[in-house]
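Subject: The model, and what turned up in it

Hi,

Here is the structure I promised to send over. Please have a look at it first, and then read on for my notes.

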Amino acid sequence: MAGLRRDRDHIYIIGDKGVGIFLIKISPVRIVRIPDKEVRRFGKENNCDGYAAVAALCWRVIADHRAAHGDGPQLEPDNLVGIASLAEAGVNLSNLEFSFGTNMSTTAIEATRARNRSLKMALCYLTQRTGNNLQDAVLLDDGNADDFVC
């Protein structure tokens, strides 16, 4: 992924209005959710769009970390306002290759497995009701997709 150094922990920040903001740290995996209710409360108390404000605060954490490691400047207060404005407008601030989001029930995911043979293992793990919270999946080809049983 562009812009990420492989010798550091990866941190991903995902904001989804109506759901909340997720901070995901890799190695070891840690996932923190700031619920929608909390984000909206924060916005109301600070007279702003809560999602935009938290996005800017999260971006500041990233910018300050990069600055401390010589990978760029710290984020100035005026820039923080600009980041919040961009987030509020829905501008993509990510350096990920792609990000997708949707609402999809477990039943709907299970129903798509037959049409998505390569993703069958990943979709099975995604809908498991027991077991590990984090599982590595492989992409299946037509030759081994039928061998994998959910």
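Of the protein's 150 residues, 21% count as buried, where buried means under 20% relative accessible area, exposed means over 50%, and partly exposed lies in between (1.4 Å probe, protein chains only). Please keep in mind that this is a predicted model, in which local features need pLDDT of at least 70 and side-chain atom pairs count only at pLDDT 80 or more, while totals for chains, interfaces and linings use all residues. Residues are numbered from 1 along each chain as its sequence is written, and side-chain values use heavy atoms, with hydrogens and water left out.

The overall layout

There are five helices and three strands in the protein, and along the sequence they follow the pattern β-β-β-α-α-α-α-α. Both kinds of element are DSSP runs numbered from the N terminus: helices are H or I with at least four residues, and strands are E with at least two. Of the contacts with a separation of 6 or more, 30% come from residues 24 or more positions apart; a contact here means heavy atoms within 4.5 Å.

The sheet

The three strands make an open antiparallel sheet in the order β1-β2-β3. At its edges are β1 (11-16) and β3 (30-35), each of which pairs on one side only. Neighbouring strands of this sheet are turned by 15° against each other on average, direction ignored. Pairing requires at least two DSSP bridges between two strands; β1 and β2 (residues 20-25) run antiparallel and are joined by six. If you want a spot to look at, Ile14 stands opposite Phe22 in β2.

Helix α1 lies across β2 and β3, and runs at about 55° to β3. That angle is taken between N-to-C directions on a scale from 0 to 180 degrees, using axes fitted to C-alpha atoms, for helices over the stretch in contact.

The salt bridges

How many salt bridges does the count come to? The count is four, with a salt bridge taken as a side-chain nitrogen of Lys or Arg within 4 Å of a carboxyl oxygen of Asp or Glu.

One of them joins the side chains of Lys17 and Asp49, at 3.1 Å from N to O. This pair links distant parts of the chain, since Lys17 is in the loop between β1 and β2 and Asp49 is in the loop between α1 and α2, 32 residues apart. Lys17 is partly exposed, at 49% relative accessibility.

Arg40 pairs with Asp36, their closest N and O atoms being 2.9 Å apart. The two are four residues apart in helix α1, so about one helical turn separates them. Arg40 is partly exposed at 47% relative accessibility, whereas Asp36 is buried at 15%.

Arg41 forms a salt bridge with Glu38, and here the closest N and O atoms are 2.4 Å apart. Because these two are three residues apart in helix α1, they too are separated by about one helical turn. Arg41 is partly exposed at 33% relative accessibility, and Glu38 is partly exposed with a relative accessible area of 33%. Glu38, Arg41 and Glu45 are linked in a network of salt bridges.

Arg113 is in the loop between α4 (106-112) and α5 (120-126). Its side chain has a polar contact of 3.2 Å with that of Thr127; such a contact is a pair of N or O atoms within 3.5 Å, where within protein one must be able to donate a hydrogen and the other to accept it, and residues adjacent in sequence count only if both atoms are side-chain atoms. Not counting residues up to four places away in sequence, Arg113 touches Lys120, Leu123, Cys124, Thr127 and Cys150.

Lys120 is in helix α5 and is buried, with a relative accessible area of 19%. Leaving aside neighbours within four places in sequence, Lys120 contacts Arg113, Leu140, Ala145, Asp146 and Phe148.

One backbone detail

Asn47 has a positive phi of about 55° although it is not a glycine. Asn47 is in the loop between α1 (36-45) and α2 (50-68), and is exposed with a relative accessible area of 74%.

Best wishes
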